[in-house]
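Reader: I have the sequence and the model open side by side, and I would like to know what stands behind the words you use for it. Could you walk me through them?

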Amino acid sequence: MSYAKPLPSYLVQRYQGWKATTHSENRAWYKRLATEGQRPRAMVISCCDSRVHVTSIFGADQGEFFIHRNIANLVPAFAPDGDHHGTSAAIEYAVTALKVAHVIVLGHSNCGGVQGCLDMCTGKAPELEKATSFVGRWMDILRPGFERVSETHSGEEMPTALEKEAVVVSLENLMTFPFVKEAVEEETLTLHGLWTEIGEGTLECFDSKTREFVLV
Ligand SMILES: [Zn+2]
């Protein structure tokens with residue numbers, strides 16, 4: 001069975017358009033990126049959600065951001081157990097090899113992953129509680145966040161509160177990585193927590209002193 005097919009034509013057309021315009025007009029720039037390698041100043045950890053457009057929000061060019069996306073922009077705690085850890089591998093490479101100056105965790109409104117966690121933690125999503133659910137086991141990272149948020153929030157406030165808590169949990173988990181903690185203490189790395197409201201286009205930044213999200 002042939003499971004890998006040629007690209008659908010709408011993607012071929014878009015690619016050819018990009019190659020003929022953006023790429024050909026900036027050929028020297030692309031050549032330089034290829035020969036000199038990447039030196040991104042920041043790593044961004046965002047949700048896979050197609051509405052979260054990291055490079056648009058910050059008007060970023062090629063080579064500027066080292067971007068890792070996963071369900072609900074979560075960072076697991078440091079766990080050197082020999083297992084497969086895609087997010088941890090990306091963080092290790094960004095911090096120890098690329099030596100990025102910033103790691104930005106970007107959360108967002110209407111996050112399906114966070115809603116799934118909310119449903120799972122309130123007994124409304126038994127399918128996510130199964131050991132075989134990749135999404136469910138991934139969202140376990142946010143369970144402690146759910147416990148915290150449910151002490152102070154309820155009802156309609158919960159999704160947004162938990163989306164923001166996902167950012168906070170990820171920042172806390174980032175600090176469990178010894179090389180992240182060391183770089184932060186040496187002030188060669190700063191961590192940032194953001195949450196964006198998709199409809200309004202607003203951006204809020206977490207202040208770890210007040211533990212509040214403040215409009216940018
Ligand atoms: Zn999301």
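Author: The largest nonpolar core has 23 residues, and Met-43, Ile-91, Val-103 and Leu-174 have the most contacts inside it. At least two of its residues come from each of strand E1 (42-47), helix H4 (86-97), strand E3 (102-108), helix H9 (158-174) and helix H10 (178-185). A second, separate core of 21 residues includes Ala-72, Met-139, Met-158 and Leu-162. This is a predicted model, where local features need pLDDT of at least 70 and side-chain atom pairs count only at pLDDT 80 or more, while totals for chains, interfaces and linings use all residues. Residues are numbered from 1 along each chain as its sequence is written, and side-chain values use heavy atoms, with hydrogens and water left out.

Reader: What makes a set of residues a nonpolar core?

Author: The members must be buried Ala, Val, Leu, Ile, Met, Phe, Trp, Tyr or Cys residues, joined through side-chain atoms within 4.5 Å.

Reader: Which residues does Val-103 contact, leaving aside neighbours within four places in sequence?

Author: They are Met-43, Ile-45, Val-95, Leu-174, Leu-189, Thr-190, Leu-191 and His-192. Contact here means heavy atoms within 4.5 Å.

Reader: Why is His-68 called buried?

Author: Its relative accessible area is 15%, and buried means under 20%, with exposed over 50% and partly exposed in between (1.4 Å probe, protein chains only). So His-68 counts as buried. This residue lies in strand E2 (residues 65-70); strands (E, at least two residues) and helices (H or I, at least four) are DSSP runs, numbered from the N terminus. Among the residues that His-68 touches beyond four places in sequence are Met-43, Ile-45 and Ala-90.

Reader: What makes the pair of His-68 and Thr-87 a polar contact?

Author: Their side chains make that contact at 2.8 Å. The term asks for a pair of N or O atoms within 3.5 Å; within protein, one must be able to donate a hydrogen and the other to accept it, and residues adjacent in sequence count only if both atoms are side-chain atoms.

Reader: How do you know that Arg-32 and Glu-36 form a salt bridge?

Author: Their N to O distance is 3.4 Å, and a salt bridge needs a side-chain nitrogen of Lys or Arg within 4 Å of a carboxyl oxygen of Asp or Glu. Both residues lie in helix H2 (residues 27-36), four residues apart, about one turn of the helix. Arg-32 is partly exposed because its relative accessible area is 45%, and Glu-36 is partly exposed at 44%.

Reader: Asp-49 and Arg-51 also form a salt bridge. Is Asp-49 buried or exposed?

Author: Asp-49 is buried, because its relative accessible area is 15%, whereas Arg-51 is partly exposed at 43%. The closest N and O atoms of this pair are 2.6 Å apart. The whole structure has 10 salt bridges.
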